[in-house]
Amino acid sequence: MPYGALLRFCLCGYFFLGIIAIIFPPLMPQIIAHFGLGLASAGLVFPAKAVGSLLGNLFSGITSDVVGRKPLLVGGALLQAVGLGLSAAAGSWPVFLIGFVMMGFSQGAVSAAINALVVDLSGENRGRALNLLHGVYSIGAALSPVVIALVLGSGRHWREIFASAAFAWLILGGAALILS
């Protein structure tokens with residue numbers, strides 16, 4: 001695949017990672033009310049995702065060198081879709097948290113694989129390419145609450161937002177399978 005198309009795919013993937021990084025906070029009031037949680041219980045979502053992300057990063061750093069970037073991109077995107085879908089369909093708070101651990105693991109795995117792929121593609125321009133990549137992540141993270149506020153303003157439920165994000169990650173996983 002040509003350098004430009006693969007780099008655009010990586011940028012798109014990192015944009016989606018930025019969006020997912022900030023999906024919970026704007027939805028927190030609805031989710032707390034839905035599950036009848038206190039703030040301490042709701043706050044468990046942050047360490048759950050962080051532990052998953054740590055494990056995903058540790059797993060994918062070495063694994064992507066052994067099996068390649070593509071399996072981690074495809075598998076990570078599909079796992080992200082499953083984690084989002086599980087959280088969207090969760091009937092209980094512990095199941096919701098399991099979805100967030102999966103999302104964190106996926107985020108760590110996909111992030112490491114995309115970073116490694118961008119470094120592989122960029123030769124001497126690694127610094128510039130990584131700066132662009134992380135800038136795109138920040139744009140996704142900045143836009144996520146705005147988009148969520150607009151969607152919530154239209155009367156949508158938090159589960160629909162999670163389900164829509166899961167669908168987007170399914171598409172990204174399919175694109176990774178085809179493109180990378």
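A: About 40 Å³ of space lies in the largest cavity, a cavity being a set of points on a 1 Å grid over the protein atoms alone where a 1.4 Å probe fits but cannot get out, with its volume taken as the space filled by probe spheres set on those points, joined across faces, edges and corners. The model is predicted, with local features needing pLDDT of at least 70 and side-chain atom pairs 80 or more, while totals for chains, interfaces and linings use all residues. Residues are numbered from 1 along each chain as its sequence is written, and side-chain values use heavy atoms, without hydrogens or water.

A search of the whole structure finds one cavity of 30 Å³ or more. The largest cavity is lined (an atom within 4 Å of a point) by Phe9, Gly13, Leu73, Ala77, Val110, Ile114, Trp169, Leu172 and Ala176. Helix H1 (3-21), helix H5 (69-89), H6 and helix H8 (158-179) are the elements that each give two or more residues to this lining, helices being DSSP runs of H or I of at least four residues. H8 supplies the largest share of the lining, three residues. By class, eight lining residues are nonpolar, one is polar and none is charged; Gly counts as polar, whereas Ala, Val, Leu, Ile, Phe and Trp are among those counted as nonpolar.

Helix H6, which spans residues 93-122, also holds Asn115. Asn115 counts as buried because its relative accessibility is 18%, and buried means under 20% with a 1.4 Å probe and protein chains only.

Conventions: Buried < 20%, exposed > 50% of the residue type's maximum accessible area, 1.4 Å probe, protein only. 1 Å grid on protein atoms, 1.4 Å probe; cavity = no way out; pocket = protein on both sides within 12 Å on 5 of 7 lines; lining within 4 Å.
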